[in-house]
Amino acid sequence: MQRARCYLLGENCVVLSLEPPVSLESQQRIWGLMQRLQGMPEVLEAIAGMNNITVILRVANSNALDAIERLQRWWEESEAWTPQSRRVDFPVVYGGQQGPDLGEVARHCGMTPAQVVERHSSVEYVVYFMGFQPGFAYLGELPHELATPRRAEPRLNVPAGTVGIGGQHTGIYPLETPGGWNLIGRTSLVLFDPHSEPPALLRPGDRVRFVPQKEGVC
């Protein structure tokens, strides 16, 4: 079992953080703990992250050690849980104006752009958690040979639907935003629509595939 460290974040917030590595198995245990916490009257909200979970208590706890020990015990008693998932295919136009950093990623990885596209689209990813932006899904696991450092200078404007690689992660920008990931393609699917129910297209546990398209087909 991975070692877990618990600490306070304010008066009524406790964080449990796991040691590396990040894995689907550890994330499934975090999902299992999330399920358990939903039924506890003392818990106001539980927020899953990558290899961590933040628990907001309904009442500020004056005994910090008690709050930490409780979360540690809940973690040790938790079991893996796999949510009902869907398979979502994203048509992606790679390179060109849609993915201006594809060449740079290829150079960093010692590949051709075509090899990067082939490898990136050959994996079925899992949504580990949602964060950063409404509808933004952190996907696991990017093939290690495609890991590329974030850009030294973030762009001020990344279009919605842009597919990027940042470090050891890949994902899709749901909304137009500044961003520092390497942009390798773009999809036409809408990831976040405030007028839809639910507004986010993806949810934790969903499986994602990227399907390469020719320019004008996506």
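This is a predicted model: local features need pLDDT of at least 70, side-chain atom pairs count only at pLDDT 80 or more; totals for chains, interfaces and linings use all residues.
I began with the contact between two helices: Leu102, Val105 and Ala106 of α3 meet Pro113, Val116 and Val117 of α4, where contact means heavy atoms within 4.5 Å. I sorted the residues of this contact and got six nonpolar, no polar and no charged. For that sorting, Ala, Val, Leu, Ile, Met, Phe, Trp, Tyr, Cys and Pro count as nonpolar, Asp, Glu, Lys and Arg as charged, and the others, Gly among them, as polar.

Residues are numbered from 1 along each chain as its sequence is written, and side-chain values use heavy atoms, with hydrogens and water left out.

**Helix geometry**

I looked up how the two helices cross: α3 and α4 pack at an angle of about 90°, with their axes 8 Å apart. The axes are lines fitted to C-alpha atoms, for helices over the stretch in contact, and angles run from 0 to 180 degrees between N-to-C directions. α3 and α4 are therefore roughly perpendicular; angles under 35 degrees count as roughly parallel, over 145 as roughly antiparallel, 65 to 115 as roughly perpendicular and the rest as oblique. Helices (H or I, at least four residues) and strands (E, at least two) are DSSP runs, numbered from the N terminus.

**Buried sides**

Which residues of α3 (102–109) are buried? I found Leu102, Val105, Ala106 and Cys109. Buried means under 20% relative accessible area, exposed over 50%, and partly exposed in between (1.4 Å probe, protein chains only). These residues cover an arc of only 100° around the axis, which puts them on the same side of α3; the arc is that of the directions from the helix axis to the C-beta atoms. Their cover includes β5 (87–94), α4 (113–120), β9 (162–166) and β12 (182–187). After α3 comes Gly110, with a positive phi near 70°.

In α4 I noted Val116, Val117 and His120 as buried. They fall within an arc of 100° seen down the axis, so they line one face of α4. The face turned away from that buried side carries the exposed Ala114 and Glu118.

Leaving out residues up to four places away in sequence, I listed Arg151, Arg155, Trp181, Asn182 and Leu183 as touching Asp101.

Pro20 sits in the loop between β2 (13–18) and α1 (24–37), and at 70% relative accessibility it counts as exposed. With the sequence neighbours up to four places away left out, Pro20 touches Gln2 and Asn51.

**Aromatic rings**

I counted 10 aromatic pairs in the structure. Rings of Phe, Tyr and Trp (its six-membered ring) pair if their centres lie within 6.5 Å; planes under 30 degrees apart count as stacked, over 60 as edge-to-face and the rest as tilted. Phe90 and Phe210 form a tilted pair, 6.2 Å centre to centre with 45° between the planes. Tyr138 and Trp181 have ring centres 6.4 Å apart and planes at 75°, so their pair is edge-to-face. Tyr138 and Trp181 are both buried.
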